[in-house]
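Subject: Structure for your review

Dear colleague,

Please find the structure below, followed by an account of what was found in it. I would be grateful if you would read the two side by side.

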Amino acid sequence: MLKSISLQNFRSYKKQEFSFEKTTLIVGPNTSGKTNLIEAVNLLSTGKSFRTDKDPQMIGFGDDFARVVGKFDDFSAGSGQTLSLEVILTNGQYMGVKSQYKKFTVNGVPRRRVDFASNFPAVLFSPQDLEIIIESPSLRRNFLDEVLETVDRDYRIAVISYQKALRQRNALLEKTREEGRRLGKPLAQRDKDFEYWDKLVIENGQLITQKRAEFIEYFNNLEKNIFDCLIKYDESVISKERLIQYEEEEVMAGVTLVGPHRDDFSVLMFNSSRSNTHDVKFYGSRGQQRLAILQLKIAQIKFVEGILSKTPVFIMDDIFSELDEGHINLILEQIDKQQTILTTTHEEFVPKKMLKSMKIISF
Ligand SMILES: Nc1ncnc2c1ncn2[C@@H]1O[C@H](COP(=O)(O)OP(=O)(O)OP(=O)(O)O)[C@@H](O)[C@H]1O
Ligand SMILES: [Mg+2]
C-alpha cells in the first residue's frame with residue numbers, strides 16, 4: 001500500500017509531499033496538477049511515464065533533475081515493514097556533471113529498471129485508454145506489454161532485447177536494399193550478418209508471443225463482471241521458416257515484416273443470446289467501448305494479483321466526466337477491492353455517502 005509520495009522538481013511541483021489512504025480522491029480544476037501527481041505514482045510502479053517516452057519532459061521547466069520518492073507498507077515483508085522506492089530523472093547533466101537519465105533505488109539500493117518494476121504494481125485507467133480499442137495496433141501492443149512487464153522480468157528483458165535486435169536487423173535490411181539498388185539488381189539473398197540478429201528476434205519474439213497468448217487466454221477464461229467480451233489475438237508469428245518465406249519482401253521493404261511488433265488484437269462483444277460476436281471497435285457504443293476497457297483493466301488487476309500475490313493500486317484519472325450515473329456506480333463498486341486513487345474536477349461526481357470513506361486531496 002502506498003503511504004506517501006514526495007515530489008521534487010517533478011513537472012509542476014517544486015517540492016511537495018502527499019499521503020494516501022485506502023481510497024484517495026484528488027480534486028482540482030484543470031491544470032491544477034492532478035495528472036502530474038498520478039504520473040509520478042505510476043512512475044514508481046513501471047519506471048516509465050504513461051504520457052511520454054521522453055523522460056526529461058517530466059522534469060520541471062528550468063530544472064536539471066527531478067526526484068520522486070514513494071513510501072509503502074510492505075505487508076509481504078512482514079507487518080510494520082516499509083518499502084521505499086525512488087526515481088531520479090536528469091537532463092543528462094546533474095550539478096554540471098554528466099549523468100544517467102534515470103536512476104532507480106529500492107530501499108536506497110540502486111537497481112536497474114527491469115529489477116525496479118513490479119515492486120509496486122499499479123493499474124492505470126484514464127480517458128485516453130479508449131484509444132486502446134479504437135486507435136492503432138501499437139496501443140494494443142502497449143497494453144499487452146504493460147500488463148506483462150508488470151509481472152514478468154523475463155518479458156521485460158525480452159522486450160528490450162527484441163527491440164534492439166529488430167533495430168539492428170532493420171538497419172541490415174535497409175543496407176542490403178541500398179546495395180541492391182547500387183548494383184542495379186535486387187539482392188534478395190541475406191548474408192551471414194543476419195544470422196545473429198535473426199536468432200535474437202526469433203528467440204525473444206517467440207517468448208513475447210507466448211506470454212501475450214497466455215494473458216489473452218487468461219482473459220478469455222475469466223468470468224466477466226463488467227462487460228461480456230473476448231479477445232481475439234491476431235498474432236504475427238516469428239520463426240525461421242517465416243523469415244525465409246518473407247526474405248525477398250523484407251529486403252524490398254527494408255524492414256522486418258513478421259514478429260510481435262506487428263501483433264494486434266480485437267475485443268469481441270457477445271450479442272444478447274451469446275450466439276454471435278461483434279468487434280467492439282466497429283460496433284460498440286462509446287459506453288460499451290469504455291466498459292470493455294474497464295473490463296480489460298479489472299482483468300489486468302486480477303492477473304497481476306494472481307502472479308505477484310500483491311494487489312495492484314488502481315489509479316483512475318478523470319474518468320467520470322464522460323460517464324452516466326449507472327456507469328459511474330459500476331466503477332465505484334470496484335474501488336473498495338484494492339487501494340484506489342481517483343482524480344476528478346468535480347467532487348459531485350462521487351456520491352456523498354462514498355466521499356465519507358475517502359481521503360480527499362484538494363487543489
Ligand atoms: N515539465 C513541466 N514543468 C512544469 N510544468 C509542467 C510540466 N509539464 C506540464 N506542466 C504543467 O503542469 C500543469 C498541470 O498539469 P496536469 O496535467 O497535472 O493538470 P490536471 O490537473 O490533470 O488538469 P486537467 O483537469 O486539465 O487534466 C499544466 O499547466 C502543465 O502545463
Ligand atoms: Mg489531467
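Threonine 52 sits in the loop that joins helix H1 (34-46) to strand S4 (65-73); helices (H or I, at least four residues) and strands (E, at least two) are DSSP runs, numbered from the N terminus. With a relative accessibility of 11%, threonine 52 counts as buried, where buried means under 20% relative accessible area, exposed over 50%, and partly exposed in between (1.4 Å probe, protein chains only). Its side chain makes a polar contact of 2.9 Å with the side chain of glutamine 57, and the side chain of threonine 52 also reaches the backbone nitrogen of lysine 54 at 2.8 Å. A polar contact is a pair of N or O atoms within 3.5 Å; within protein, one must be able to donate a hydrogen and the other to accept it, and residues adjacent in sequence count only if both atoms are side-chain atoms. When neighbours within four places in sequence are left aside, threonine 52 is in contact (heavy atoms within 4.5 Å) with Arg11, Glu39, Gln57 and Met58.

The model is a predicted one, in which local features need pLDDT of at least 70 and side-chain atom pairs count only at pLDDT 80 or more, while totals for chains, interfaces and linings use all residues. Residues are numbered from 1 along each chain as its sequence is written, chains are lettered from A and ligands numbered from 1 in the order in which they are written, and side-chain values use heavy atoms, with hydrogens and water left out.

Arginine 11, one of the residues touched by threonine 52, belongs to the loop between strand S1 (2-10) and strand S2 (13-19). Arginine 11 is partly exposed, at a relative accessible area of 23%. Although not a glycine, arginine 11 has a positive phi of about 45 degrees. Most residues other than glycine have a negative phi. Asparagine 107 likewise has a positive phi, near 45 degrees, in a residue other than glycine. Asparagine 107 is placed in the loop between strand S8 (102-106) and strand S9 (109-111), and is partly exposed with a relative accessible area of 46%.

Turning to the ligand, 16 residues lie around ligand 1, and Asn30, Thr31, Lys34, Thr35 and Arg51 come nearest; a residue is near a molecule or strand if one of its heavy atoms lies within 4 Å of it. An N or O atom in the side chain of arginine 51 is 2.6 Å from an oxygen atom of ligand 1. Backbone atoms take part as well: an N or O atom of the asparagine 36 backbone lies 2.9 Å from an oxygen atom of ligand 1, and one of the phenylalanine 61 backbone lies 3.0 Å from a nitrogen atom of ligand 1.

Helix H4 packs against two other helices. The axes of H4 (residues 137-151) and helix H6 (residues 193-221) come within 10 Å and cross at roughly 85 degrees, which makes H4 roughly perpendicular to H6. From H4 the contact involves Arg141, Phe143, Leu144, Asp145, Val147 and Leu148, and from H6 Lys211, Arg212, Phe215 and Ile216. These residues divide into six nonpolar, no polar and four charged.

The axes of H4 and helix H5 (residues 153-183) come within 6 Å and cross at roughly 130 degrees, so H4 is oblique to H5. Here the contact is made by Leu144, Asp145, Leu148, Glu149, Thr150 and Val151 of H4 with Arg153, Tyr155, Arg156 and Val159 of H5, and these divide into five nonpolar, one polar and four charged.

For both pairs, axes are lines fitted to C-alpha atoms, for helices over the stretch in contact, and angles run from 0 to 180 degrees between N-to-C directions. Angles under 35 degrees count as roughly parallel, over 145 as roughly antiparallel, 65 to 115 as roughly perpendicular and the rest as oblique. Ala, Val, Leu, Ile, Met, Phe, Trp, Tyr, Cys and Pro count as nonpolar, Asp, Glu, Lys and Arg as charged, and the others, Gly among them, as polar.

Methionine 316, in strand S14 (residues 313-317), is buried at 0% relative accessibility. Not counting residues up to four places away in sequence, methionine 316 touches Phe125, Ile331, Ile335, Thr340, Ile341, Leu342 and Thr343.

Yours sincerely
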